[in-house]
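Subject: Structure handover

Hello,

Here is the structure for your files. My notes on it follow below.

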Amino acid sequence: MQLTRTPHVVVVMGVAGTGKTTIGPLLAARLGVPYAEGDDFHPQANIAKMTAGTPLTDEDRWPWLDAIGRWAHERAGLGGVVSSSALKRGYRDRLRAAAPGVVFVHLTGDRALIEDRMSHRQGHFMPTALLDSQFATLQPLQSDEAGVAVDVSGDPGDITERAVAALRELPQPSN
């Protein structure tokens with residue numbers, strides 16, 4: 001397997017259940033850069049809300065996004081992969097404000113497939129009941145945003161290879 005290095009800091013984004021926590025580390029390994037789990041940046045209060053089935057507000061998300069943005073900023077020019085739902089354009093703008101060179105890999109898929117995958121997860125705090133709110137909140141990447149959409153059908157290896165191939169098509173950052 002050929003190792004692909006990139007100075008990009010990649011944010012693996014998408015609704016819950018698309019595989020951010022699975023694909024993120026695989027993508028980081030393929031790119032030869034560190035991985036950071038976005039859920040680890042959540043304050044405990046956010047985790048408690050989501051565990052209780054309460055969707056987060058924007059106010060809940062700002063400290064979380066700022067923490068992810070700081071990590072991404074520290075990795076600028078070095079590369080890295082971090083997961084974050086980054087469902088709204090405003091959330092991605094906030095990440096770009098902290099780390100202007102970030103690019104997004106938007107994991108996309110059919111709602112039924114994602115719900116099925118979520119229902120088989122063990123030990124995750126995000127209940128399937130919040131999937132509808134995730135899809136309602138989702139604002140897909142716009143043409144002026146650096147990033148790619150990658151379908152999540154198939155096995156994790158296939159998804160990762162599609163992400164690597166799509167990232168190769170992006171311009172390299174100028175640092």
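At 1% relative accessibility, Tyr 91 counts as buried, where buried means under 20% relative accessible area, exposed over 50% and partly exposed in between, with a 1.4 Å probe and protein chains only. Before going further, please keep in mind that this is a predicted model, in which local features need pLDDT of at least 70 and side-chain atom pairs count only at pLDDT 80 or more, while totals for chains, interfaces and linings use all residues. Residues are numbered from 1 along each chain as its sequence is written, and side-chain values use heavy atoms, with hydrogens and water left out.

Overall layout

The chain has seven helices and five strands. These are DSSP runs numbered from the N terminus, with helices being H or I of at least four residues and strands being E of at least two. Read from the N terminus, the order of elements is β-α-β-α-α-β-α-β-α-α-β-α. Of the 175 residues in the chain, 45% are buried. Among contacts with a separation of 6 or more, 76% are between residues 24 or more positions apart; contact means heavy atoms within 4.5 Å.

The aromatic pair and the helices that carry it

Tyr 91 brings us to the aromatic residues. How many aromatic pairs does a search of the whole structure find? The search finds one. The partners are Trp 62 and Tyr 91, in an edge-to-face arrangement with 5.7 Å centre to centre and 80 degrees between the planes. Trp 62 is in helix α3 and Tyr 91 is in helix α4, so the pair ties together parts that are 29 residues apart in sequence. Trp 62 has 24% relative accessibility and therefore counts as partly exposed.

The axes of α3 (residues 58-74) and α4 (residues 89-98) come within 8 Å and cross at roughly 35 degrees. Axes here are lines fitted to C-alpha atoms, for helices over the stretch in contact, and angles run from 0 to 180 degrees between N-to-C directions. On the α3 side the contact involves Asp 58, Arg 61, Trp 62, Leu 65, Asp 66, Ile 68, Gly 69, Arg 70 and His 73, and on the α4 side Tyr 91, Arg 94, Leu 95 and Ala 98. By class, that is six nonpolar, two polar and five charged residues. Ala, Val, Leu, Ile, Met, Phe, Trp, Tyr, Cys and Pro count as nonpolar, Asp, Glu, Lys and Arg as charged, and the others, Gly among them, as polar.

Helix α1 (residues 20-31) and helix α7 (residues 156-168) have axes that come within 9 Å and cross at roughly 55 degrees. That makes α1 oblique to α7, given that angles under 35 degrees count as roughly parallel, over 145 as roughly antiparallel, 65 to 115 as roughly perpendicular and the rest as oblique. This crossing of α1 and α7 is right-handed. Residues of α1 in the contact include Ile 23, Leu 26 and Leu 27, and those of α7 include Ile 159, Val 164 and Leu 167. The contact of α1 with α7 has nine nonpolar, two polar and three charged residues.

Single residues

- His 106 lies in strand β4 (residues 103-108) and is buried at 5% relative accessible area. Leaving out residues up to four places away in sequence, His 106 touches Met 13, Gly 14, Leu 138, Pro 140, Leu 141, Val 148, Ala 149 and Val 150.
- Val 102 sits in the loop between α4 and β4 and is buried at 4% relative accessibility. Its C-alpha atom is 5.0 Å from that of Val 9, 93 residues apart along the chain.
- Leu 56, in the loop between α2 (44-51) and α3, is buried at 9% relative accessibility. Not counting residues up to four places away in sequence, Leu 56 touches His 42, Asn 46, Lys 49, Met 50 and Arg 61.
- Ala 86 has a positive phi of about 45 degrees although it is not a glycine. Ala 86 lies in the loop between β3 (80-83) and α4 and is buried, with a relative accessible area of 0%.

Regards

Methods
Left-handed = near helix turned anticlockwise from the far one by under 90°. Phe/Tyr/Trp six-rings, centres within 6.5 Å; stacked < 30°, edge-to-face > 60°.
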